[in-house]
Amino acid sequence: MDKTKRNAVIAGNWKMNKTPCETTALINEMKPLVAGADCKVVLCVPFIDIPAAVEAAKGSNIEIGAENVHFKASGAYTGEISAQMLVESGVKYVVIGHSERRQYFGETDQTVNLRTLAAIQAGLTAIVCVGETLEQRELGYTETLLKFQTKMALTNVKAEDLNKIIIAYEPVWAIGTGVTASAQQADEGNGFVREAIAEVYGKDVADTVTIQYGGSMNAGNADELVAKINVDGGLIGGASLKAEDFSVIVKAASK
């Protein structure tokens, strides 16, 4: 397998952190640290921070993403944001189906698919999250679950639209816990995702899809993780809130 067929992407997921003023300050701190990176650099920020983030990132290699999107174009969906709203705000990427959305806000495999279709139809790149719980892993369901979630998320997605899709493998047991999957476990999980894509679209297509690892990647383990054949960067949580740590991860993915 040739990793040069696909882009490495380091995307920060800020979750519910940073005010607009703090957003401006953090991005201004990051810009010189990640300039010239040989990978894509993305920051997915809370809705309220998008205008400040887009403005602060102007003229740099940092692109801005959102953390969620609704699957309808408009309507009586209080508190939701449509794909077109994101596009007109200058957003290029959007995280879909993060485990926290699934756990706390009732996200399902079906709504993940609907949000994914809405995002790519609007021209956004969807960062679609999949991952197993510790119980599911211990029962031996990791491969089955990852393949199921991946295929569900990509239902009705055409092969020619896979260039707008990034899959992020996020083992739920390694998110925000400080526990990180070993590099081998990360590569294996990402490999299951790639196999699922190949089963639907063929191996040649699957080899072009960016698959990130997203379970507590940090400055200390990034080198080992991104060196794996199936790991094409990362979806970064806590470390994306620290400019220096985030830049170390970006540099690891640029090697």
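**Stop 1: Lys15**

Select Lys15 to begin: its relative accessible area is 21%, so it counts as partly exposed (buried means under 20%, exposed over 50%, and partly exposed in between, with a 1.4 Å probe and protein chains only). Before you click on, know that this is a predicted model, where local features need pLDDT of at least 70 and side-chain atom pairs count only at pLDDT 80 or more, while totals for chains, interfaces and linings use all residues. Residues are numbered from 1 along each chain as its sequence is written, and side-chain values use heavy atoms, with hydrogens and water left out.

Lys15 sits in the loop between strand 1 (9-13) and helix 1 (20-34). Helices (H or I, at least four residues) and strands (E, at least two) are DSSP runs, numbered from the N terminus. Now look at the backbone: the phi of Lys15 is near 60°, a positive value in a residue other than glycine. Most residues other than glycine have a negative phi.

**Stop 2: His98**

Next, pick His98, in the loop between strand 4 (93-96) and helix 4. Is His98 buried or exposed? At 4% relative accessibility, His98 counts as buried. Leaving aside neighbours within four places in sequence, His98 is in contact (heavy atoms within 4.5 Å) with Asn13, Lys15, Cys129, Glu170 and Ile175.

**Stop 3: the largest pocket**

The lining of the largest pocket divides into 6 nonpolar, 4 polar and 5 charged residues.

A pocket here is found on a 1 Å grid over the protein atoms alone, as an open set of points where a 1.4 Å probe fits, with protein on both sides within 12 Å along at least five of seven lines; lining residues have an atom within 4 Å of a point.

**Stop 4: the second largest pocket and Lys3**

About 320 Å³ of space lies in the second largest pocket. Of the 17 residues that line it, Lys3, Ala8, Val226, Ala253 and Lys255 are the closest to its centre. Helix 10 (222-226) and helix 11 (243-253) are the elements that give two or more residues to this lining.

Click on Lys3, in the segment before strand 1. Lys3 is partly exposed, at 25% relative accessibility. Not counting residues up to four places away in sequence, Lys3 touches Val226, Ala227, Lys228, Ile229, Val231 and Asp232.

**Stop 5**

Colour helix 5 (residues 109-121) and helix 7 (residues 142-153): their axes come within 8 Å and cross at roughly 40°. Helix 5 and helix 7 are therefore oblique to each other (under 35 degrees is roughly parallel, over 145 roughly antiparallel, 65 to 115 roughly perpendicular, and the rest oblique). Show the side chains: Asp109, Gln110, Val112, Asn113 and Thr116 in helix 5 meet Phe148, Gln149, Met152 and Ala153 in helix 7.

**Last stop: Asn156**

Finish at Asn156, in the loop between helix 7 and strand 6 (165-169). Asn156 counts as exposed, at 65% relative accessibility, and has a positive phi of about 70° although it is not a glycine.

Methods
Axes fitted to C-alpha atoms, helices over the stretch in contact; angles between N-to-C directions. Nonpolar A, V, L, I, M, F, W, Y, C, P; charged D, E, K, R; others polar. Points joined across faces, edges and corners; volume = space filled by probe spheres on them.
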